[in-house]
Amino acid sequence: MHFDLVIRGGTVVNAHETRSADVGIAGGRIVAVAPGLPAVAAGGRDIDARDHLVMPGGIDSHCHIEQVSSFGILCADDFHSATVSAAFGGTTTVVPFCAQHRDDHIPEVLADYHQRAAEKAVIDYGFHLIVANPDAQTLATDLPAAIDSGVRSFKIFMTYDRMRLHDEQILDVLATARRHGALTLVHAENHGIISWLAGRMVGQGNVAPRYHAVCHTRSSEAEAIQRVIALAEVVDTPILIVHVSTVEGVAAIRAARARGVKVYGETCPQYLFLTAEDIDRGLEGAMFCCSPPPRDAAAQQACWDGLKDGTLAVYSSDHAPYRYDATGKLPKGEKTTFKEMANGVPGLELRLPLLFTYGVGAGRISLNEFVQLTATRHAEIYGLAPQKGSITVGADADIAIWDPNHRVTVDAALLHDNTGYTPYTGRELTGWPVQVLSRGELLIDQTAQPGVIHAARGRGRFIARQRTDALQPADRQIPEMAQLQAWQTPLVI
Ligand code: DUC
Ligand code: ZN
Ligand code: ZN
């Protein structure tokens, strides 16, 4: 058998097995996983992975790249800086958003993001579509066309003045997703609670970042999750609740899943590793402000429990990079109120090292669970499998080789995104991706050339995602729909 490259002597970790094996790569794909593979052909190379972990490159299915927010602010990373940063953190596929704003025409939105990513991305990528205006043209023509092109997931918002959909609009999007085989991602927070409280706070002169966390109550997340689950049950179509942050939110998803509803959950580093106390540090708290906000130790534990029992199927970054200056967090300088700051924290590069240290290193999750949560489940749910997300014959050779003992003290200067800060400064992390391959190309070798990436701008490829079982309805009817069925007047979706 011919190999361009063999990774030798490492411990290969997949979602359901760990074993000592070599990994043979040819033509950008994995062609053999077995101990004692023969020598590479002339011109090929060996990578010595003894004492190292050979894991699927991470898939980050929730990140904002070169995206204009609903406030009209462009985030700090373009497709080059974001994907370079992702690769240094062991992530080899990203699924960012193409964002429709109210007056935008979806085909133009998609073409614009495709062009920018194709010019700059250094790793492979898919896209979700943010839907802010589900009018007749969008529902009948534009969304089905987007799905046909491999953009098989939409994100909708239940809050934010310029993005939020009301319940009938949400039902329209869910029905379209069901008809054409797409997954709907939901930003679930009750708009009324947040905007009413924020109006009061600002009116009373309470404008510091810490009031952001107060206005985004736990109840606002819990109510919205319960409501959108009820909407999804009417249509019987799968949904995924992004960035779950509360005890109550995790419980609502767990309860719905227990009664057979197809609802997936996601959480992010900021809900495992930060709390509202991080925001309570004057104006600098802006660097920790995201929506929903970090909560407390009980919520962190609920998120760990949710990851452990599958209530939360995936762990993503929600990388939303905004600089701590007038271009992002502080449009009005020191006078900026919490309502005016861009929401979001960076996380593409540290997502995996943080989970490795505090999850695997602290004994909370196994190595296999680490791989599930950071790569394999993303691939399965979002239709990237079997091409991405596992070290198996036939898959793309997207691989991160980890030194489990490599120690790093986090400092923004070590990172490769454009945010200029990290919420995790000073953390001591143990375990780091030291070599990163994308389609068999060794992009990063921290032992031989620290801090260097060998990747031409635009080498990343768009991945048209497949229809998966995750998109199938549960075929579970609420009593009213069963009644209609019995009367032979079923709801036509
Ligand atoms: N909240 C979002 O909904 N998106 C980006 C970042 C954030 O904080
Ligand atoms: Zn969101
Ligand atoms: Zn987001």
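Modeller: Donors are N, O and S atoms within 2.8 Å of the metal. This is a predicted model.

Biologist: Which spacing do the donors of the zinc ion (ligand 2) follow along the chain?

Modeller: The protein donors of this ion are Lys155 through NZ, His187 through ND1 and His243 through NE2. They lie 2.1 to 2.2 Å from the zinc ion (ligand 2). Along the chain, their spacing is K-x31-H-x55-H.

Biologist: Why is the arrangement of the four donor atoms around the zinc ion (ligand 2) irregular?

Modeller: Four donors count as tetrahedral if all angles lie between 85 and 135 degrees. The four donor atoms around the zinc ion (ligand 2) subtend angles of 78 to 128°, which makes the arrangement irregular.

Biologist: How many residues apart are Lys155 and His243?

Modeller: Both Lys155 and His243 are buried. Lys155 belongs to strand E10 (residues 153-157), while His243 sits in the loop between strand E12 (239-241) and helix H8 (247-258). The pair links distant parts of the chain, and the two are 88 residues apart.

Biologist: How far apart are the zinc ion (ligand 3) and the zinc ion (ligand 2)?

Modeller: The zinc ion (ligand 3) is coordinated by His62 (NE2), His64 (NE2) and Asp318 (OD), at 2.0 to 2.1 Å. Its donors follow the spacing H-x1-H-x253-D. The distance between the zinc ion (ligand 3) and the zinc ion (ligand 2) is 3.8 Å.

Biologist: Is Asn343 buried or exposed?

Modeller: Asn343 is found in the loop between strand E14 (312-315) and helix H12 (351-361). Buried means under 20% relative accessible area. Asn343 has 16% relative accessibility, so this residue counts as buried.

Biologist: The side chain of which residue is joined to that of Asn343 by a polar contact of 2.2 Å?

Modeller: Leaving aside neighbours within four places in sequence, Asn343 is in contact with several residues, including Tyr160, His212 and Ser291. With the side chain of Tyr160, the side chain of Asn343 makes a polar contact of 3.4 Å. The polar contact of 2.2 Å is with the side chain of Ser291.

Biologist: Within what arc do the buried residues of H2 fall, seen down the axis?

Modeller: Helix H2 covers residues 106-120 and reaches 22 Å from its first C-alpha to its last, close to the 21 Å expected. Its buried residues are Ile106, Val109, Leu110, Tyr113, Arg116, Ala117 and Lys120. An α-helix has 3.6 residues a turn, so residues three or four places apart point the same way. The buried residues of H2 line one face of the helix, because seen down the axis they fall within an arc of 140°.

Methods
Residues are numbered from 1 along each chain as its sequence is written. Chains are lettered from A and ligands numbered from 1 in the order in which they are written. This is a predicted model: local features need pLDDT of at least 70, side-chain atom pairs count only at pLDDT 80 or more; totals for chains, interfaces and linings use all residues. Side-chain values use heavy atoms; hydrogens and water are left out. Helices (H or I, at least four residues) and strands (E, at least two) are DSSP runs, numbered from the N terminus. The expected span of a helix is 1.5 Å times one less than its number of residues. Buried means under 20% relative accessible area, exposed over 50%, partly exposed in between (1.4 Å probe, protein chains only). The arc is that of the directions from the helix axis to the C-beta atoms. Donors are N, O and S atoms within 2.8 Å of the metal (3.2 Å for Na, K and Ca); water is not among the atoms, so sites may look incomplete. Four donors count as tetrahedral if all angles lie between 85 and 135 degrees; four count as square planar and six as octahedral if opposite donors are over 155 degrees apart and all others between 65 and 115; anything else is irregular. A polar contact is a pair of N or O atoms within 3.5 Å; within protein, one must be able to donate a hydrogen and the other to accept it, and residues adjacent in sequence count only if both atoms are side-chain atoms. Contact means heavy atoms within 4.5 Å.
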